[in-house]
Amino acid sequence: MNRFQGLKTVLLALCLSLVCVFGVAVPQALAYDLICEGQIPEANLKYSIPHSQESGFMQEVKFRNAKTGNGVAKSSYLTYDTQNDQGQAIYRGAVNGMADVTVLDLSEFGAEPGSQISVMYDGQWGRGTCYAAR
């Protein structure tokens with residue numbers, strides 16, 4: 001084997017190992033099935049949260065001022081907590097480690113277009129509806 005073939009083999013092995021490392025380390029972007037939007041009137045907020053079949057509502061909730069539409073805050077990525085007595089999934093997170101955020105999936109058999117959710121931000125509740133993501 002000459003030097004060129006040896007170098008070619010080393011480079012090929014390096015490239016393959018980088019592909020393997022980066023293929024595992026960098027997850028594919030999730031395709032969102034639904035977007036759920038609603039309002040928390042007492043807090044003057046509108047919110048949106050994506051939903052995917054793979055991870056449910058384990059996403060960030062984006063909050064906007066209900067009157068101006070300006071972004072106000074984004075929650076941490078929610079984590080699945082438990083189910084309530086009605087079998088509805090509960091997801092929890094926070095905004096800046098201070099204001100609690102809870103998402104309650106009100107659907108009977110998992111979120112789908114037209115499903116309702118309840119979202120709590122810092123003790124104030126609101127209701128939202130899910131629709132198919134574009």
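Predicted model: local features only at pLDDT ≥ 70, side-chain atom pairs only at ≥ 80, totals over all residues.
**Entry 1**
I began with strand β2, residues 45–51. It runs antiparallel to strand β3, residues 62–65, and four bridges join the two. I looked up Lys-46 and found Arg-64 as its bridge partner in β3. Next I checked β3 against strand β4, residues 71–74. This pair is also antiparallel, with three bridges. Here Lys-62 stands opposite Lys-74 of β4. How many residues lie between β3 and β4 in their hairpin? I found five. Gly-69 sits in that turn and has a positive phi of about 80 degrees.

**Entry 2: the core**
I then turned to the largest nonpolar core, which has 22 residues. Among those with the most contacts inside it are Ile-49, Phe-57, Val-103 and Ile-117. Strands β1, β2, β6, β7 and β8 each supply at least two residues of this core. I noted a general point: nonpolar side chains tend to be buried together in soluble globular proteins. I also listed contacts of Ile-117 beyond its sequence neighbours, including Cys-36, Tyr-47, Leu-104 and Cys-130.

**Entry 3: Asp-105**
Asp-105 is also on the contact list of Ile-117. I found Asp-105 in strand β7, residues 99–105. Is Asp-105 buried or exposed? It is buried, yet it has no salt bridge. The nearest side chain of opposite charge is Arg-127, 10 Å away. A salt bridge needs the charged atoms within 4 Å. What does the Asp-105 side chain make a polar contact with? Its partner is the side chain of Ser-107, at 2.6 Å.

How values were computed:
Residues numbered from 1 in each chain as written. Heavy atoms only, no water. Buried < 20%, exposed > 50% of the residue type's maximum accessible area, 1.4 Å probe, protein only. Lys, Arg positive; Asp, Glu negative; His and termini not counted. Polar contact = N/O pair within 3.5 Å; in protein donor to acceptor, adjacent residues only side chain to side chain. Pairing = 2+ DSSP bridges. Core = buried A, V, L, I, M, F, W, Y, C linked by side-chain atoms within 4.5 Å. Contact = heavy atoms within 4.5 Å. Lists of a residue's contacts leave out its neighbours within four places in sequence.
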